[in-house]
Amino acid sequence: MITRESKSAVIKDLKEKIESSKALFLTNVIGIEANDAVELRKKVREANGGIVVTRNSLFGKAAEGTYAEEILKGLKGTNAVAFAFEDAPGVAKAIYESSKELEAVTVGKGFLGTDLLDEAQVAALAKLPSRDEMLGTLLAQFQAPVATFARLVNALKDECETQGVEKAADLKVEAAAEA
């Protein structure tokens, strides 16, 4: 039997997580093997998130007065809530990939910010590139013009050496033959 003080502590902790998270997702981790549960929690933790499993009534009480009250109040069955504190797509991806491998893990509704997402939208969010992948793509886009300019300057230098001139302005340019 859980004491009233420990219930209050759990509710307070859950409420803080709800208010500080950038996203939350309903899922289920009941019925999977311990090693699989540890692996899922590790993936979620690596995406700066966390998974909480507790009584549905405690989820409901913690959600009172918050944006998440709509889906956390009156939960039935076995549920867990995954919180994303930074990388929402990363946490969604961890749950989604685990649901493909493990039958017991489900992708449920969720919130991104204060916007309600259905199961399909959570799955679509999970298919987005991770934060690190997006940053890598952005960095490549920033580097592309500089890399192109460097290749152009290098090609001019090589052509100057080939023609034996000191300045690019002295290069002899041959007109392309018309076909």
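Predicted model: local features only at pLDDT ≥ 70, side-chain atom pairs only at ≥ 80, totals over all residues.
Student: Which residue is the bridge partner of L26 in strand 3?

Tutor: Strand 1 and strand 3 (residues 80-84) run antiparallel and are joined by 5 bridges. Strand 1 is also joined to strand 4 (residues 107-112), again antiparallel, by 4 bridges, and there F25 stands opposite G110. In strand 3, however, the residue paired with L26 is V81.

Student: Which element gives the most residues to the largest nonpolar core?

Tutor: This core has 25 residues, and F25 and V91 are those with the most contacts inside it. Strand 1, helix 2 (34-46), strand 3, helix 5 (88-101) and helix 6 (119-126) each give two or more residues to this core. The element that gives the most, with 6 residues, is helix 5.

Student: Why does V153 count as partly exposed, and what is its relative accessibility?

Tutor: V153 is found in helix 7 (residues 131-163), and together with F149, L152 and L156 it forms a nonpolar patch on the surface, with about 370 Å² of accessible area together. Buried means under 20% relative accessible area and exposed means over 50%, with partly exposed in between. V153 falls in that middle class because its relative accessibility is 41%.

Technical notes
Residues numbered from 1 in each chain as written. Heavy atoms only, no water. Patch = residues over 30% accessible without salt bridge, like charges linked within 9 Å, V, L, I, M, F, W, Y side chains within 5 Å. Areas by Shrake-Rupley, 256 points an atom, 1.4 Å probe, with all protein chains shown as cover. Salt bridge = Lys/Arg side-chain N within 4 Å of Asp/Glu carboxyl O. Buried < 20%, exposed > 50% of the residue type's maximum accessible area, 1.4 Å probe, protein only. Pairing = 2+ DSSP bridges. Core = buried A, V, L, I, M, F, W, Y, C linked by side-chain atoms within 4.5 Å.
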